Number of protein chains: 2
Amino acid sequence: MNVEFINPFLSSMLNVMSTMAQMELTPEKPRLKKNEVAMGDVSGLIGMVSKQAKGSLSITFEASLALATMKNMVGEAPDEVNEEITDLIGEITNMVTGGAKRLLSEKGIEFDMATPIVVSGPNHTIHHKAKGPVIIIPLKSDVGRAYIEFSFDE
Amino acid sequence: MNVEFINPFLSSMLNVMSTMAQMELTPEKPRLKKNEVAMGDVSGLIGMVSKQAKGSLSITFEASLALATMKNMVGEAPDEVNEEITDLIGEITNMVTGGAKRLLSEKGIEFDMATPIVVSGPNHTIHHKAKGPVIIIPLKSDVGRAYIEFSFDE
């Protein structure tokens, strides 16, 4: 089931970053996360629950990209990850997941979203513990990288 | 609604750590997390969804406590946080939330759990972005600290 989720989450992420922050991200090929370690400085996480499946999504940002996103949106940004930034990343995570939820609903896949949690700390890594494989989509920009990851119980 | 959740989550955590790992933790008084920053090295996070509310839970461990928990359970532990440890912390998070879910169900509060996510990285912090207040329960032991945090949309 995970593969059907790739395009909805990816297109929702590109759309949110482009419309909210005029930030054009270039996705790399989605792939299964196996031994790969994707490190970042601020991550938004959200749980998803449906009758068909349960799962989790994360969007991990390098600090430079998170700060540049804030600057593009409101004209200024703090020098480092603070509560304004974690609020922004929580909001982006909510919007990306909400957008994907609408796209998946059109395919007959419905789920409820929990509330977002944001983790901050230099070079942390995320480990999804659903039973299914973890899909990772790296995204590049001039000012840093982001990673969408998700996994569902099969 | 958050206050009713304190005892179920706390007693479930004490019970899981005691029965799985013979680890006796001493809770401090639960309180609202305001300007407090609780840092840890490995955290289990889980989303919760019900008709009444949505929310998120985290259990943040200092590495020393996570490693000692593994050692108590299986007789040996790695020197640092690795995938065995993140698996264990994901499992503990699942069991604590599952235990609290049963206790809350007896009070007529039902929710579904998403799948756990584990974050690793020295000194990271967790920011719950539900609309309600964040409750934090610090727990002490001889080998390090843990923090249960949760928040629900009101």
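Which element gives the largest share of the lining of the largest pocket? I looked it up: β6(A), with five residues.

First, the ground rules. I am reading a predicted model, where local features need pLDDT of at least 70, side-chain atom pairs count only at pLDDT 80 or more, and totals for chains, interfaces and linings use all residues. Residues are numbered from 1 along each chain as its sequence is written, chains are lettered from A in the order in which they are written, and side-chain values use heavy atoms, without hydrogens and water.

I took a pocket as an open set of points on a 1 Å grid over the protein atoms alone, where a 1.4 Å probe fits, with protein on both sides within 12 Å along at least five of seven lines; lining residues have an atom within 4 Å of a point. Strands (E, at least two residues) and helices (H or I, at least four) are DSSP runs, numbered from the N terminus.

Largest pocket. I noted about 560 Å³ of space. Its lining has 27 residues, with K33(A), E36(A), I126(A), H127(A) and E83(B) closest to the centre. β6 (117–128) of chain A, and α3 (83–106) and β6 (117–128) of chain B, each supply at least two lining residues.

Second largest pocket. I noted about 400 Å³ here. I found 18 lining residues; E83(A), K33(B), K34(B), E36(B) and H127(B) lie nearest the centre. α3 (83–106) of chain A and β6 of chain B each supply at least two of the lining residues. The largest share, four residues, comes from β6(B).

Technical notes:
Grid points are joined across faces, edges and corners, and a volume is the space filled by probe spheres set on the points.
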